[in-house]
Amino acid sequence: MAVLEVLHYPDARLKQVSAPVTEFAADLRRLLADLEATMRAYPGCVGLAAPQVGRFQRIAIVDVSSRPGVRHNGRLVLVNPQVLERGGEVVGREGCLSVPDYTGNVARAGHIRLRAQDATGGYREYGCVDYEARAVQHELDHLDGLLFLDRLVSRRDLFRRKVYK
Amino acid sequence: MKRWYMVTVVGKDRPGIVAGLTEALYRGGANLGEASMARLGGNFTIMLMVQIDAEANELERLMAPLARELALRVHVDAIEGRLHEHLEPNVRIAVYGADRPGIVAQVTEALAGAGLNILDLESDVAGTEAEPIYIMTIDGYARDGVGVLEAALAPIRAGGIEVRLTPIDTLVG
């Protein structure tokens, strides 16, 4: 396992769309292990997408199990993930290893259902809520060349939602 | 030597102030840092970090023609600050109630006493002239946790002010 270098915006490669994974072999397992080692090298980091380390394939890992009081599916390996359903809208604060020294408010679906392949190519479905759902959506955005900066909302939006909901 | 200044500009609001101001600064060789502009009571207000290889009075001179033209008041301070000094908030506080003198003082005094460092504050007076309401949002860092803030706010709530605390758990991915 190796800790890989994380790309930082304005590296234009972060804005590109990644390609589906077609080979489920040793290379993929090595990349997944490296992604995990890289994510764990940054305290507080709960997910990482392959394009963040310069590998433009539709692969992400998410693990929010270390956060207190958060519902989760454990360590998620998401290869060729697809959101099947989404619902609700929640604003929360996000930051990104690829965007140092900035955090901002982003509206995300409060719950999602997704289908993804695992390291061997088998299909799995997951239901994610709240913090984990946010983490998954953040990572999936990377696969489409989107950063949380593309989805910022103002504090004012947040306040209105909270007061009048 | 390049140094940082805090430039504060106040005047009657009209379209084009930011464009005119930043154009004058750009042409004068200045670099902008963080900035916050707000329209407060129909007034244009902005505070912006400006980096330039010049003395404060030279920086003022760059903006003088525009200030005269648009009747803006410009204030320049040399500052110690620099970029990349962001602090992460861990709590958001939303406050509202019937407007009356003392809301901000009472709320922020209670919060400061409970260990809150305010990182960002924005407030508005809304409602009608006859029955104005005061609305304020604060992002801050609660040194001793959000629970301590909740306890400190009980007397404020008893006085008819609505206060909602939301912990901020910033997701890093």
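In what order do the four strands of the open sheet that includes S2 of chain B stand? They run S2-S3-S1-S4, and the pairing is antiparallel. Welcome to this predicted model.

- From one strand to the next, the twist averages 15°.
- Strand S1 (residues 3-12) of chain B is joined to S4(B) by six bridges, and the two run antiparallel.
- To find one of these bridges, look at B:Val7, whose partner in S4(B) is B:Val76.
- Helix H1 (residues 17-27) of chain B packs on the sheet, where it touches S1, S2 and strand S3 (43-52) of chain B. The direction of H1 makes about 20° with that of S3(B).
- Helix H2 (residues 56-70) of chain B lies across S1, S3 and S4 of chain B and runs at about 165° to S4(B).

**The S6-S7-S5-S8 sheet of chain B**

- Chain B also has an open sheet of four strands in the order S6-S7-S5-S8, again with antiparallel pairing.
- Strand S6 (116-127) and strand S8 (162-167) of chain B are at the edges with a single partner strand each, so one side of each has no neighbour in the sheet.
- Here the twist averages 15° from one strand to the next.
- S6(B) pairs with strand S7 (residues 132-142) of chain B in the antiparallel sense, over 11 bridges. Among the bridge partners are B:Val125 and, in S7(B), B:Tyr134.
- Helix H3 (residues 103-113) of chain B packs on this sheet and touches strand S5 (91-98), S6 and S7 of chain B, with its direction at about 20° to that of S7(B).
- Helix H4 (residues 146-158) of chain B lies across S5, S6, S7 and S8 of chain B, running at about 175° to S8(B).

**Strand pairs in chain A**

- In chain A, strand S3 (residues 76-87) and strand S6 (residues 111-117) pair in the antiparallel sense over six bridges. A:Arg86 has A:Ile112 in S6(A) as its bridge partner.
- S6(A) also runs antiparallel to strand S7 (residues 123-129) of chain A, and seven bridges join the two. Along this pair, A:Leu114 stands opposite A:Tyr126 in S7(A).
- The hairpin of S6(A) and S7(A) has five residues between the strands, and A:Gly121 in this hairpin takes a positive phi near 100°.

**Backbone details to look for**

- A cis peptide bond, with omega about 20°, joins A:Tyr9 and A:Pro10. A:Pro10 belongs to the segment before helix H1 (26-40) of chain A.
- A:Asp130 is not a glycine, yet has a positive phi of about 50°. This residue, A:Asp130, is in helix H2 of chain A.
- B:His84 is not a glycine either, and has a positive phi of about 60°. You will find B:His84 in the loop between strand S4 (73-78) and S5 of chain B.

**Salt bridges**

- Over all chains, the count comes to 23 salt bridges.
- One of them links A:Arg58 and A:Asp144, whose closest N and O atoms are 2.9 Å apart.
- A:Arg58 is in the loop between strand S1 (47-49) and strand S2 (59-62) of chain A, while A:Asp144 is in the loop between H2 and H3 of chain A, so the pair ties together parts 86 residues apart in sequence.

**Where chain A meets chain B**

- The area buried between the chains is about 2100 Å², and carbon and sulfur atoms give 52% of this area.
- Three salt bridges cross the interface of chain A and chain B. Among them is A:Arg93 with B:Glu88, the closest N and O atoms being 3.7 Å apart.
- Between chain A and chain B, 10 residue pairs are in polar contact.
- S4(A) pairs in the parallel sense with strand S9 (residues 171-172) of chain B, over two bridges. A:Gly95 has B:Val172 in S9(B) as its bridge partner.

Terms used:
Residues are numbered from 1 along each chain as its sequence is written. Chains are lettered from A and ligands numbered from 1 in the order in which they are written. This is a predicted model: local features need pLDDT of at least 70, side-chain atom pairs count only at pLDDT 80 or more; totals for chains, interfaces and linings use all residues. Side-chain values use heavy atoms; hydrogens and water are left out. Buried area is the accessible area (1.4 Å probe) that two parts lose on being put together, summed over both. A salt bridge is a side-chain nitrogen of Lys or Arg within 4 Å of a carboxyl oxygen of Asp or Glu. A polar contact is a pair of N or O atoms within 3.5 Å; within protein, one must be able to donate a hydrogen and the other to accept it, and residues adjacent in sequence count only if both atoms are side-chain atoms. Two strands pair if DSSP finds at least two bridges between them. Axes are lines fitted to C-alpha atoms, for helices over the stretch in contact, and angles run from 0 to 180 degrees between N-to-C directions. Contact means heavy atoms within 4.5 Å.
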